Structures are given as C-alpha cells and as structure tokens.
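Please prepare a short briefing on the structure shown below.

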Amino acid sequence: MKNSRRVDLAVGAFVAAGLAALFVLAMQVSNITAFQRAEGYTIIGYFQNVGGLRERAPVRLGGVQIGRVSAIDLDQNRFEARVEITIAEGYDDLPSDTAASIRTSGLLGEQYISLDPGGMPDALSQGDEIMLTQSALVLEDIIGQFLYNQGAGGEE
Amino acid sequence: MTDWLERLGSSTLSNMATLGRAILFLLRVVAGCGELVRRPRLLMRELYSVGVLTLVIIVVSGLFVGMVLSLQGYYTLVDFGAEQSLGVLVALSLTRELGPVVTALLFAGRAGSALTAEIGLMKATEQLAGMEMMAVDPERRVIAPRLIAALISLPLLAVIFTLLGIFGAYVVGTALLGVDSGAFWSQMQAQVSFADDVLNGVIKSVLFGLVAGWIAVFNGYDCMPTSQGVSRATTQTVVVTSLVVLALDFVLTALMFD
C-alpha cells in the first residue's frame, strides 16, 4: 500500500514537471503573448516587388513592432503583390496617408515592412489600402544598373 | 543468382508478414485501451517504470546537449558578430529537432528495451499464455497500459529535455562565454513561435512515443520464447526504433517546416 502511494507520488511529480516545463517553454522561450493572429485590424498594400518578404514578417513603425504580415498573394488585375498587414489593436490611429516600404534588417537579415506615418487627420481602419508603397530593393537590379552606368561611362 | 533472388523474396515476404502482424496487433491493443479507464492503477505502475525511471538520463543528457550546443554554436556565430543569436539557435534546434529526436533515441535505449525484455520474458515463461487460460486478455492487461504509458511519457520527457537543454545553454552562454543574458532571452522570444516551433515539437514527440512504444511492445510480444529470442528482440527494438524515429523525423520536418 505504502509502495503504491510512492509510485503515485512519483508519477504525479513527473507529469507536473512535464506540464510545468511546457508552460515555461510557452512563456519564457516562445513568448506566446506577442502578436497572435486574428487580433487587431487588417490593411492592404500593393507592392510591385516584395522581394524576400514572407508571411508573419514583422511590421514596424519607428523601429517598434506593431503588427505582422498576414498574407501575400498576387493581384491578377494589377499584376502586383497584394500584402495583407495585420496591425495590433492598440495602434488604431495611424494616419490614412501612411507609407509602407519593404526594408531589410541589417545586411543579411530578414525583410520587414516599415511604416512611415503621414499627416492626415483621419485614421486607417479595417480593409483600407495603403496608397504610398515602396518595393523591396533587389540586389541584382542595383548591380545591373551599376554595371550599365560603368559601361556607359567607359565609352566616353 | 536464383538463390539470391529466393532469399530476397523470402525475407521480403517475412518482413511484410511481420509488418502486417504489427499493424493488426496495434489495432487490437488500441481497441483494448478502454480497459484502462476502469483500471487506471495499471497505467500508473507503467508510467512509473517507463517515465519516471527514464527521467534521470533525460535530465542529465538534456543539460549536456544544451551546453555543448551553446559552446559549438558560439564559435561559429562569433565570427559573424552574431553571438547574441545564440539563444535562438539553441532554442530552435532543441524545440524543433533535438528535443523530440534525442529523447526518443534515449527512450528506446532505456525504456523500450526494458519493455521488450519484460514482455518477451513473460512470453518465454508462459505468463501470457497463463493469463489467456484464466480468460484475462494479455493485450488489454499487459500491452495496452505499456503502450499508453510510452505515448504519455515521451512528450513529457521531450519537453523536460528541451527546457533543460535551453537552461544548460543559458548557463554556459552567459557565465562562460559572456553572451548578454537579456539579448539571449529577448532574441529567443522574438524568433521562437509557440504554435510553429514548440507545438510542432510536441506533436513530433507524441508520434515518436507511439512508434517507440509500439515497436517495443510488439517485439516483445512477437519474439521467439527462448532466451536467445528475447535478447534478439531487445536488440531489434533499439535498432528499429532508432531508424524509424530518424526517418520519421525527416518526413515530419519536411511536412511541418516548409
């Protein structure tokens, strides 16, 4: 009888330790509270080229993360990339002429969307479109342009 | 030449027959799991011998795997000035891959082999046949609690392994290598997602638990009832479990993280 109680105790401690470890992994390692999907409102931006931008990439304003990219697909009429941006609930008074550009963090880092606030009094809301967008810089284009300029300069 | 083909054919046929027996066996055992609701005490004892007794090796190896990962990762990252990302490297590799896989391999060695030997010896000493004589279904009474215990234990062990690995990496990284502890945690929290990384790791380890438990109890149940048969089945359990876990891990990784 005593022995079986000890077994119960050990199993209970084992299961509790496992669940506690999962809880710590959730809270301390993966920060479960940060930017879950489907909270906040969604705005849309059309980009000529999204480069290496991916879904769930961060959206920052002034370097502070305020949302995530929730979907990227091609608009069949405009032949431009349609990017859905989900902004967290607290940030609901962005000016309606806010501009979006795709940037790279560091030289080799991930790509993210940087928002630059405008000056209009009315705010962006669910489903609005961002009018001013700037595409990702494609390294090959820049190098190509540079070589072309060099070649043109050399002939003079 | 015909000899060789004949041997290939017969070994293929016998392997297929074994696989078929294993699948039918699993279905019967799963169908017999209802018994455990009425007798949770059976499960308790198995959870103790399968889970609690494996805890020591998991704790120790988790700590050391994390510490080594931290050391090796640091030497590569420091060349790029990215040693602040040490936490991300350690946490992602542990939650996604090393936690579930290494735990499953250790589990096969520590608990799977014991399960096979125990059941095989029960068969060799005709305890299983004796149970059947007394109208006690050994699949419900002996096999089902062991399979379910493996299924429950392995995810818990994998989570504990992962957490201790990250803790070991933290201790080595901050105390020995001088990585800033704030950057270690904050970069980790920014990059590791609960749904995509931690939960997928847990799903992996549940599947590994099912596979490891299944192979262990089937090999014991299916072994030749001699001392040589039991020893061969025990070896078989460890080898097959390791191979299946590694192959399954590749498939799961390809499906989960595109």
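In this predicted model, A:Asp8 forms a salt bridge with B:Arg41, and the closest N and O atoms are 2.9 Å apart. A salt bridge here is a side-chain nitrogen of Lys or Arg within 4 Å of a carboxyl oxygen of Asp or Glu. The pair crosses between chains, joining helix α3 (residues 40-50) of chain B to helix α1 (residues 2-29) of chain A.

Basis of the values

- Residues are numbered from 1 along each chain as its sequence is written, while chains are lettered from A and ligands numbered from 1 in the order in which they are written.
- Because the model is predicted, local features need pLDDT of at least 70 and side-chain atom pairs count only at pLDDT 80 or more, whereas totals for chains, interfaces and linings use all residues; side-chain values use heavy atoms, with hydrogens and water left out.

Interface of chain A and chain B

- The count between chain A and chain B is one salt bridge, and the count over all chains is 12 salt bridges.
- Two residue pairs are in polar contact across this interface, both at pLDDT 80 or more; the term denotes a pair of N or O atoms within 3.5 Å, where within protein one must be able to donate a hydrogen and the other to accept it, and residues adjacent in sequence count only if both atoms are side-chain atoms.
- On the side of chain A that touches chain B, the residues divide into 15 nonpolar, five polar and five charged.
- In nonpolar are counted Ala, Val, Leu, Ile, Met, Phe, Trp, Tyr, Cys and Pro, in charged Asp, Glu, Lys and Arg, and in polar the others, Gly among them.
- Contact (heavy atoms within 4.5 Å) involves 25 residues of chain A and 27 residues of chain B.
- The two chains bury about 2300 Å² between them, 74% of it on carbon and sulfur atoms; buried area is the accessible area (1.4 Å probe) that two parts lose on being put together, summed over both.
- A:Phe14, A:Leu25 and A:Val29 supply 30% of the area that chain A buries against chain B, more than any other three residues.

Helices of chain B

- Chain B has 10 helices and zero strands, where helices (H or I, at least four residues) and strands (E, at least two) are DSSP runs, numbered from the N terminus.
- Helix α5 (residues 86-124) of chain B has a kink of about 55 degrees centred on B:Leu94, the bend at a residue being the angle between axes fitted to the seven residues ending there and the seven starting there.
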